[in-house]
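Student: Could you walk me through this one, starting with the helices and then moving to the strands?
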Amino acid sequence: MHRRSALGGAITALATAAAGVLVAAAVSTAPAVAAPAGTGTGYLHTDGNKIVDSTGTTVRITGINWFGMETDNKTFHGLWSTNPWRGQVDKMASLGYNTLRVPYSNDALKPGATASGINDFVNPDLVGLSPLQILDKVIEYAGGKGMRVILDRHRPTSAGQSALWYTPTVSEATWINDWKMLAQRYAGNTTVIGADLHNEPHAEGTNPAATGACWGCGDPARDWRLAAERAGNAILSVQPNWLIFVEGVSCPSGGLSNVWDNDPSNDEDCGWWGGNLTKAKDFPVRLDVPNRLVYSPHEYATSVFEQNWFKSPDFPTNLPGIWDKYWGYLHKQNIAPIMMGEFGSTLADPRDRVWLEKLMAYTGTGVDGMSFTYWSWNPNSGDTGGIALDDWTNINTTKQAILQPYLIPPVGGGGGPTGTPTATPTSTPPPSGGCTAAYRQVNAWQGGFQGELTVTNTGTATVNPWQATWTWPAGVSLASGWNATVTQSGATVTAAAPTWAGALAPGASVTVGFTANGASAAPGAVKLNGVAC
């Protein structure tokens, strides 16, 4: 992963996912169905300190970062695991994460870019696809679950993050043109809601010889506020419906403090990379399309860097004041919405759990709370770990329990407004008529296989909710499933309807995907709500 921190005179690189915008023919993907409830309807815009949907209903983004497209793999990490990519998205949605923040680098967008680190036995549908084509599939599937997607230009190249939005090899023009390409590629697809312009602008050089990203200094080559305006307006010129997410800097001067020169003018209060928005009120980002600006600070704990405030005698009561100063005031003064783009910790230090609990409480509960995307889904984030454990299937229940009360699940993601499971009707009437079942083995390997079971309601009445069951011979066990809640008890496997697709109309079909351990075996004794197919 990648991390960041900047305190007074020292900055620690945080790493994660990165940036990359491409020059390629715009490939139009099918527009997603407008996401309901949890993430609103249609495109989003701002109203004071709130994010609202096309009907004016308040929406709270409670998402998660899934990185990898910014690295040498040029696609999502974890595709090498035994948990199929759809199963991972299913799990995120079921836990209550309604948005994916996807870091990328410009390398992933280049013509001829190749994705690597994919388990082709588990994810055969991704074999041979480009990084952008894999992104298309994830966006389409996430959108079908009511989730939203934010694209994050994390790095200019897969080699690492950069203080400025351009480098000697990746120009500002490339940065902007690649953003315009992505905006055109997903035009009309309301799943993709906006652009996080550049990840963690930060200070470089020692003051007064600053060479890093400043805020409000007026130098077009270093002023991140002015660059954000140029890129944001270029994007809005081709996609006026997107939100523009603008991170902070670390030190507003763009340079690290020189505490040895006895010149107080060179000493300033710095924060996390991307986390300092103290100058945003006096020097706001000005966009040509109103109600599109969201400020997106980053916030971390001691597992990333031991900031001074963690060592203060008044910790943790000092934390809300620190957050107020760096970025929270923008929300509290109704200037603009806050979407905390990254925050996370290993929780190895007891103070970090206190920090996370205080931070979540600070954001507020319910739909009126501040939006966020947690860092990260990935367990291989070096200084924070992830929500997923190393098998990319099970989860870190300690972290999840702290976040759960603040999550607003997507419709179909499972869970109610506070993350509690949605009640499922206990009555499951059988279809009036019958059903048919068709099985296709997608792949097989030593010790396991992947398959798809398609069940069609041939009756005359809608089955709501539907439930398919089948049996497997001894020695075959379920590994993972998708498009349903798939469980196994003894020899019987049950695929229960997800909340976002509970009804199976006459003539309609559902395809349940799964991976299993053991010798390849077709499902036997398939039933739909108790009626044999």
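Tutor: Helices (H or I, at least four residues) and strands (E, at least two) are DSSP runs, numbered from the N terminus. This is a predicted model, in which local features need pLDDT of at least 70 and side-chain atom pairs count only at pLDDT 80 or more, while totals for chains, interfaces and linings use all residues. Residues are numbered from 1 along each chain as its sequence is written, and side-chain values use heavy atoms, with hydrogens and water left out.

Student: Okay, which hand does the crossing of H1 and H2 have?
Tutor: The crossing of H1 and H2 is right-handed. The contact, meaning heavy atoms within 4.5 Å, is made by Trp85, Arg86, Val89 and Asp90 of H1 together with Lys137, Val138, Tyr141 and Ala142 of H2.

Student: Switching to strands, how many bridges join S18 to S21?
Tutor: Strand S18 (residues 467–471) and strand S21 (residues 492–496) run antiparallel and are joined by five bridges; two strands pair if DSSP finds at least two bridges between them.

Student: And which residue in S21 is the bridge partner of tryptophan 470?
Tutor: The partner of tryptophan 470 is valine 493.

Student: What about S20, how many bridges join that strand to S21?
Tutor: Strand S20 (residues 485–489) is joined to S21 by five bridges, and the two run antiparallel, with threonine 487 standing opposite threonine 494 in S21. In their hairpin, which has two residues between the strands, glycine 490 takes a positive phi near 65°.

Technical notes
A crossing is left-handed if the near helix is turned anticlockwise from the far one by less than a right angle, and right-handed if clockwise.
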